[in-house]
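Hi,

Here is the structure I promised to pass along. Have a look at it first, and then read on for my notes on charged side chains.

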Amino acid sequence: MDKDAELLANRIALLKQEEGKTRKKIEETKKKSKEIISKKKQLEEKQAKVGKLLKEQKMSAKEKEMQDLVNYQQEMMEIKKQRQEEMRNVQDNIYSSKQAGAKNLKQQSYQNDIRKQEFAQEVAAKNQEKKSLVRLQEEMGQQKLKELKKKKMQQ
């Protein structure tokens, strides 16, 4: 019986050793499990951070694209405004030029009318002068005729 007790005690000691080893393995497994869970969590956080950065970069790229589009549209509006302003200036210059031409034409027409009237007055005055001269010559001719007739009659 002593031998059975000794075998039993040895068996119990071996079981306790195995239990200790098993507990140690369990503790190591728990420790490795915690490390794996921790690393998995870190990896997930890192992936989330990378995903967030990529999303931000995509958003930044979209925002930059949108800003570029807005800038392009503003430049086009500025160019359009400049062209409209240039067109308005050209139209104003054409209008002013036409107005100046019309005014000049009116002034020339007015001066031509004045010259025409002056010329007509000069012609009328010369005609009147010629008419008066012709009448005077007719009168003188008639007077000479009368004088000649008188002389013929007196002879």
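A quick definition before the notes: I call it a salt bridge when a side-chain nitrogen of Lys or Arg sits within 4 Å of a carboxyl oxygen of Asp or Glu. Keep in mind that this is a predicted model.

By that definition, E85 and R88 pair up through their side chains, with 3.0 Å from N to O. The two residues are three apart in helix 1, about one turn of the helix. What about their exposure? E85 is partly exposed at 38% relative accessible area, and R88 is also partly exposed, at 41%.

How many salt bridges does the structure hold? There are three, so here are the other two, using the 4 Å cut-off again.

E19 bridges to R23, and their closest N and O atoms are 2.7 Å apart. Both belong to helix 1, which covers residues 2-154, and they are four residues apart, about one turn. E19 is partly exposed, with a relative accessible area of 39%, whereas R23 reaches 53% and is exposed.

The side chains of K64 and D68 also form a salt bridge, at 3.4 Å from N to O. About one helical turn separates K64 and D68, because they are four residues apart in helix 1. Is K64 buried or exposed? With a relative accessibility of 52%, K64 is exposed, while D68 at 39% is partly exposed.

Cheers

How values were computed:
Residues are numbered from 1 along each chain as its sequence is written. This is a predicted model: local features need pLDDT of at least 70, side-chain atom pairs count only at pLDDT 80 or more; totals for chains, interfaces and linings use all residues. Side-chain values use heavy atoms; hydrogens and water are left out. Buried means under 20% relative accessible area, exposed over 50%, partly exposed in between (1.4 Å probe, protein chains only).
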